[in-house]
Amino acid sequence: MTKEECLEALNALDDLANFTFNINREGKYYKTIYQLIKEHFDPQPYTFRELNKEMWVWDDKEKVCFQCNPMISTDMAQCVTYMSYWYNDGEDYDKFHEEYDEFEENRFYPLTKALQYQGKEDE
């Protein structure tokens, strides 16, 4: 269904409810369904605080979905994915390795954002 079809159905239900039960568009249920339609068709980017461990997100820059692991790196960068470990390089001492994808505003979205790219990979 398109956004327009969903809104048309919502408005028809609202008109019926208003006629039958005298409910207006300021009602709790109308607002909830309207918000769901808005979030589905026009998802907003996450802030760093909204990200949770093992949460799936859409990376609008790389055009991929991945499971995030938000943390602060050792250089204090806000990271969407973060992994660090010590390893032995065959010498007498260990080395520290750190990999991360730094958080950027307006880059990471709910998975519904990926629907906008469905079928467009050949264009």
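Residues 24 or more positions apart account for 42% of the contacts in the protein with a separation of 6 or more, where contact means heavy atoms within 4.5 Å. The structure shown is a predicted model, in which local features need pLDDT of at least 70 and side-chain atom pairs count only at pLDDT 80 or more, while totals for chains, interfaces and linings use all residues. Residues are numbered from 1 along each chain as its sequence is written, and side-chain values use heavy atoms, with hydrogens and water left out.

**The whole protein**

Begin with a cartoon view. The protein has two helices and six strands, and from the N terminus on the order is α-α-β-β-β-β-β-β. Helices (H or I, at least four residues) and strands (E, at least two) are DSSP runs, numbered from the N terminus.

Next, display the surface. The accessible surface comes to about 9400 Å², of which 51% belongs to carbon and sulfur atoms; such areas come from the Shrake-Rupley method with a 1.4 Å probe, and for residues only the protein chains shown count as cover. Of the 123 residues, 25% count as buried. Buried means under 20% relative accessible area, exposed means over 50%, and partly exposed lies in between (1.4 Å probe, protein chains only).

**First stop: Leu 7**

Select helix α1, residues 3-21, in which Leu 7 is found. Leu 7 is partly exposed, with a relative accessible area of 23%. Beyond residues up to four places away in sequence, Leu 7 touches Tyr 34 and Ile 37. Tyr 34 lies 27 residues from Leu 7 in sequence, and their C-alpha atoms are 7.6 Å apart.

Select β1 (56-59) and β2 (64-67). These two strands pair in the antiparallel sense over four bridges; two strands pair if DSSP finds at least two bridges between them. They form a hairpin with four residues between them, and Lys 63 in the turn has a positive phi of about 60 degrees.

Asp 60 is in the loop between β1 and β2. Is Asp 60 buried or exposed? At 16% relative accessibility, Asp 60 counts as buried. Its side chain and that of Trp 58 are joined by a polar contact of 2.9 Å. A polar contact is a pair of N or O atoms within 3.5 Å; within protein, one must be able to donate a hydrogen and the other to accept it, and residues adjacent in sequence count only if both atoms are side-chain atoms. Leaving aside neighbours within four places in sequence, Asp 60 is in contact with Arg 107, Tyr 109, Lys 113 and Tyr 117.

Cys 65 is partly exposed, with a relative accessible area of 38%. Not counting residues up to four places away in sequence, the residues that Cys 65 touches include Leu 111 and Ala 114. Phe 108 is 43 residues from Cys 65 in sequence and 9.4 Å away in space, C-alpha to C-alpha.

Select the open sheet with the order β3-β4-β5 and antiparallel pairing. β3 (71-72) and β5 (94-102) stand at the edges with a single partner strand each, so one side of each is left without a neighbour in the sheet. Strand β4 (residues 78-88) pairs with β5 over nine bridges.

Finish at Cys 79, whose bridge partner in β5 is Glu 102. Cys 79 is buried, with a relative accessible area of 0%. How many disulfides does a search of the whole structure find? The search finds zero, a disulfide being a pair of cysteine sulfur atoms within 2.5 Å.
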